[in-house]
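Please walk through this protein with me, one step at a time. Keep the structure in view as you read.

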Amino acid sequence: MIRAVFTRLHRWVGLTMAGFLAVAGLTGSLIVFYQELDRALNPDLFNVPVTSQRLSPSALAARVEAQLPGTHVTLMSIPAPGRASEVWVSGKSLAYDQVFADPATGKVLGQRKWGKAGLSRAALMPMIYLFHYSLKLPGVWGIVLMGVIACLWSIDCFVAFVLTLPRGVPFWTKWGPAWRIKPGASAYRVQFDLHRAGGLWLWAVLFVLATSSVALNLPEQVFRPLLKTFTTLSPSYEDLRPPAVVRTPKLSFDDALHLARREADRPQWVFRAPGTVGVSYGARGDKGLDGFGLSTIVFDDQTGARVLHQQAGHGRLADIYAGMQYQLHSGRILGWPGRILVALAGLAVAMLSVTGVVIWLRKRHARMVRRLRTSAAAA
């Protein structure tokens with residue numbers, strides 16, 4: 001009885017998710033290498049001459065705002081030598097939100113609207129990235145939709161695993177075939193074995209991708225509240241930052257770097273949000289994103305008081321787990337090997353989605369044929 005319920009649940013949940021997961025898997029396999037592909041497509045935006053000269057973040061922000069009237073710099077990378085600074089800006093009626101500037105001279109190299117639909121070199125990778133987690137639907141609808149799909153996927157991972165378990169003994173002897181693709185079998189049997197064995201061999205990776213998808217798309221709606229039912233989480237930035245009021249900041253980007261200098265030995269970003277200014281830093285991988293990822297220090301932009309210090313890989317176990325969801329989802333927790341594994345898993349997700357639909361269609365056809373034969377015999 002339970003197995004029959006699980007079979008129906010896996011069938012209909014799987015069919016509901018199949019198209020979404022196929023898209024997410026294929027796009028996810030690409031954006032695992034987002035930075036490398038984006039830079040390769042747009043060398044004119046990302047590459048600058050290597051020089052020891054570098055403007056301070058505040059000076060660079062001032063030069064960008066002077067060249068692009070009406071803009072206000074909110075986020076800026078502190079790049080490695082030979083890389084342009086990625087500067088994010090806000091302003092009324094802007095046709096762009098991301099600007100690339102030479103960190104030595106402040107010269108603006110180009111700008112783009114991140115995620116805007118288009119097949120140009122500058123638009124392609126951001127569009128794929130946005131499509132991956134939101135289907136590029138307006139507002140938050142796409143993010144919520146893909147978050148709901150991720151919730152269903154997380155549950156279905158357990159349902160699918162239970163369905164592979166054998167009935168009867170000896171357990172391991174009967175379960176063994178579920179892990180293998182039968183040689184010389186029919187095309188349908190090969191597809192069935194690919195679906196079952198592929199899901200088993202990659203089960204742990206797929207479950208991590210599913211649950212981290214929930215964390216990234218529905219962090220405050222599902223992930224953190226669910227985690228809080230089992231353990232204690234430290235307050236997040238959203239919980240601690242000062243009220244968003246209109247006021248002139250007293251602290252600059254340079255001030256934030258000065259205040260954070262003891263901890264932030266490898267600053268990667270400086271940023272500003274209502275009432276706060278901060279620094280993100282990390283030492284592993286490109287932009288400090290490998291391993292446990294970036295740590296963040298946030299200050300009150302009036303007093304310089306420390307609002308938050310999140311150290312990646314430090315603190316309560318629950319805080320470490322909550323803070324590493326992007327690292328798990330992208331594979332960066334393991335560096336390049338992890339990224340390659342996640343890229344292959346994305347292709348596997350697409351394969352599992354397609355084979356699942358094919359298996360359902362074949363079984364549906366077989367059931368229809370049996371019904372027709374039964375009706376014909378009864379007549």
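**Inside the fold**

Start at Val 64. Leaving aside residues up to four places away in sequence, Val 64 touches Thr 71, Val 73, Val 87, Val 99, Ala 101, Gly 106 and Val 108. Bear in mind that this is a predicted model.

Now widen the view. Val 64 belongs to the largest nonpolar core, which has 26 residues. Val 64, Val 73, Met 76, Val 87, Val 89, Val 99 and Phe 253 touch the most other members. Which elements build this core, with at least two residues each? They are helices H4 (57-67) and H12 (253-259), together with strands S1 (72-77), S2 (85-90), S3 (98-101), S6 (276-281) and S7 (295-300). In soluble globular proteins, nonpolar side chains tend to be buried together.

Next, look at two helices. The axes of H9 (residues 203-217) and H15 (residues 335-378) come within 10 Å and cross at roughly 90°. H9 is therefore roughly perpendicular to H15. Where they meet, H9 brings Val 205, Leu 206 and Leu 209. H15 brings Leu 341, Val 342, Ala 345, Val 349 and Leu 352. By class, this contact has 8 nonpolar residues, no polar ones and no charged ones.

Finally, the cysteines. How many disulfides does the structure hold? It holds 0. A disulfide needs the two sulfur atoms within 2.5 Å. Cys 151 is partly exposed, because its relative accessibility is 22%. Cys 157 is buried, at 6%.

Terms used. Residues are numbered from 1 along each chain as its sequence is written. This is a predicted model: local features need pLDDT of at least 70, side-chain atom pairs count only at pLDDT 80 or more; totals for chains, interfaces and linings use all residues. Side-chain values use heavy atoms; hydrogens and water are left out. A nonpolar core is a set of buried Ala, Val, Leu, Ile, Met, Phe, Trp, Tyr and Cys residues joined through side-chain atoms within 4.5 Å. Buried means under 20% relative accessible area, exposed over 50%, partly exposed in between (1.4 Å probe, protein chains only). Helices (H or I, at least four residues) and strands (E, at least two) are DSSP runs, numbered from the N terminus. Contact means heavy atoms within 4.5 Å. Axes are lines fitted to C-alpha atoms, for helices over the stretch in contact, and angles run from 0 to 180 degrees between N-to-C directions. Angles under 35 degrees count as roughly parallel, over 145 as roughly antiparallel, 65 to 115 as roughly perpendicular and the rest as oblique. Ala, Val, Leu, Ile, Met, Phe, Trp, Tyr, Cys and Pro count as nonpolar, Asp, Glu, Lys and Arg as charged, and the others, Gly among them, as polar.
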